[in-house]
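Good morning, and thank you for making time on the agenda. I shall present one structure and go through several of its local features in turn.

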Amino acid sequence: MSRTPPRRSRKRHLVKSRSRALPTALTALFALLGLAALPQVSHAAPPAETLPKNLAGGAVGATTGTATEAADATAASVEDTVAAMQPGWNLGNTLDATGPDETSWGNPRVTRDQLRQIRDDGFRSVRIPVTWTQHQGPAPDHTVDPAHMARVAEVVEWAVEEDLYVLLNVHHDSWQWVMDMPTQHAAVLNRFTATWEQIAEEFRDAPQEVLFESINEPFFENSSGDAQNAALLHELNSVFHGLVRDSGGGNATRPLVLPTLHTSPEQARLDELVETFDELDDPALIATVHYYGYWPFSVNVAGHTTFDAVAESDVADTFARLRDTFVDQGIPVILGEYGLLGFDRHTGVVQQGEKLKFFESFGSHARASGVTTMLWDNGQHLDRSALTWRDTALFDRVVSSWTTDSATASSDQVFVPSGAPVEDAELTLRTAGHSLVAVREGGQPLAPGTDYVLSGDRLTLSASLLSRLTSGGTAGVNAALSLEFSGGLPWEVRVLSNETPVLSAASGSTAGLSVPAAFHGDQLATMEAVYADGGNAGPHDWTSYKEFGAAFDPDPGGGTITLTSDFFAEVRDGATVVLTFHFWSGDTVRYEVTRSGGAVSGAPR
């Protein structure tokens, strides 16, 4: 697959509007009530062979004929736009940072080279989250600092000139002041309106490849419940829709993106958004949700260390709901953020092979459902200084999933215990319709029947092969096998030599306890914590299995396992906690910690 899709001709400059008509009170009221005078929608899907249309320099759906024909053409054109935006990428933790500037959350200043790299790596759209709060003046005007607006416009223009579609939004404002709408309705609505009036004016004459998203991950505090939440979000989306449309220019027909509550893909939230779409009756609207997987797997808590049937079903069910509720009804969907929640700590929270299986499944279901997806990247994926991907195996899996299914296996690691008789190792293949054609080590093919045996979906690596590969006796990875298939990516399997890990006594404080750990080639999967006198200890006391990276964090290179302050904050003073560390080899090691005031001590059990 080419990572550089053909470039489209585009209008290349954003022109700020010199003047525009402000929404009248009547228009705003109509928009609020869902009574805006818009043509009837007929969500007709374009023919399968239709290529994405170039919208540069012209209004979406500019047609002649009846209002219904115009609506049909607009709907088809917007569907083509969303399809052409696949795949997408988020410029996260940058212009959305809540500090004084875009570097305040640790990412470098945005450059055009970064956006060019994204395009060259195959992405066709970029979501540019923007937080406006700290760059606004006081009520009632809430004037955006011209320098901030100019910087946003500069980045948007760079993206357009690099042949990327752009999705621009109001981002962390959602939890800074929009959430107060139940108790400060007039003030929030005034500020929301003022914010979007200024954005709409700035980008009034931007090309149609620039899309607007009303609000990121909306939620409301101190509301009366679901019904009020739905009504408030409907009001925000309707006001946004009305004022953008009434601002004229390209905004009259610009594709607009509306979120569900929390941008949740749960059915009740989708149904609420459908009601808003029905009332607004505008064929140039797009639905958006976010998805970070089955939560226990996504953060590695409660023992959900693997991408098992439950986690996979969550992916499949999510896309089925999006397809049935929106896509099959002619409403295009942009899944505006995806990834794994544990990545906010570090990408090692979820084991490598298991995370690859998640992204493989996600990409496959997204492709089959016709949903455009935008990878969330807060700096943990693309190194924005070196312009290289930090985890090339993960990036390659994401890229491949845009166009094809690839095979996976039950694991990407085989442990061979040192000092014990070596046994055959079996892997279960999930071939995705492909056939295994070779197994290689160091680029050289292994011998079928001798080094490995394939029987149905079972691949057995022989004891003689594993003995040969680990004969050096080095702890950790001794070899990497590449399982090659008739299509898609190969599946890489690491062969590791290991012994049971050894933990040593330690003392520290509730600010954190660093436990000396000799991993001996093994890797930590999870940790259980229970009180010596019974009951689960630490955070998430509904499970004995604690959250990876939050309650505990291993460092094999440094030879430690850290028990965090968050863990001890939920441990009773004077209590002894029995820890069981579960390693990927299957070995377990028990350890005991005791808290006495602010002091903590630990020893092997």
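Which residue stands opposite Glu 441 in strand 15? That residue is Gln 444. Before I place this pair in its sheet, some conventions are needed. The model is a predicted one, in which local features need pLDDT of at least 70 and side-chain atom pairs count only at pLDDT 80 or more, while totals for chains, interfaces and linings use all residues. Residues are numbered from 1 along each chain as its sequence is written, and side-chain values use heavy atoms, with hydrogens and water left out.

Helices (H or I, at least four residues) and strands (E, at least two) are DSSP runs, numbered from the N terminus. Two strands pair if DSSP finds at least two bridges between them. Strand 14, residues 436-441, and strand 15 pair in the antiparallel sense over two bridges. They belong to an open sheet of five strands, with the order 12-19-18-14-15 and mixed pairing. Its edge strands are strand 12 (413-417) and strand 15 (444-445), each of which pairs on one side only.

A second open sheet is formed by four strands in the order 11-13-17-16, and here the pairing is antiparallel. Strand 11 (408-409) and strand 16 (452-455) stand at the edges with a single partner strand each, so one side of each is left without a neighbour in the sheet. Two bridges join strand 11 to strand 13, residues 425-430, in the antiparallel sense. Within that pairing, Thr 408 stands opposite Arg 430.

I turn now to strand 26, residues 576-583. Seven of its eight residues are buried, so the strand is largely enclosed by the rest of the structure; buried means under 20% relative accessible area, with a 1.4 Å probe and protein chains only. Strand 26 pairs with strand 23, residues 524-531, in the antiparallel sense over seven bridges, and Phe 581 is the bridge partner of Met 527. Seven bridges also join strand 26 to strand 27, residues 588-596, and these two run antiparallel. In that pairing Thr 580 stands opposite Arg 590. The hairpin of strand 26 and strand 27 has four residues between the strands, and Gly 586 takes a positive phi near 105° there.

Next, a helix pair. Helix 10 (residues 309-325) and helix 11 (residues 352-369) pack at an angle of about 20°, with their axes 10 Å apart. Axes are lines fitted to C-alpha atoms over the stretch in contact, and angles run from 0 to 180 degrees between N-to-C directions. The two helices are therefore roughly parallel to each other, a term used for angles under 35 degrees.

Finally, two individual residues. Ser 214 is found in the loop between strand 4 (210-213) and helix 7 (226-246). Is Ser 214 buried or exposed? At 0% relative accessibility, Ser 214 counts as buried. Beyond four places in sequence, Ser 214 touches residues including Phe 192, Trp 196 and Pro 259.

Ala 200 lies in helix 6, residues 185-202, and also counts as buried because its relative accessibility is 0%. Leaving aside neighbours within four places in sequence, Ala 200 is in contact with Phe 212, Leu 243, Val 244, Ser 247 and Asn 251. Ala 200 and Gly 250 are 50 residues apart in sequence and 9.6 Å apart in space, C-alpha to C-alpha.

Terms used:
Buried < 20%, exposed > 50% of the residue type's maximum accessible area, 1.4 Å probe, protein only. Contact = heavy atoms within 4.5 Å. Parallel < 35°, antiparallel > 145°, perpendicular 65-115°, else oblique.
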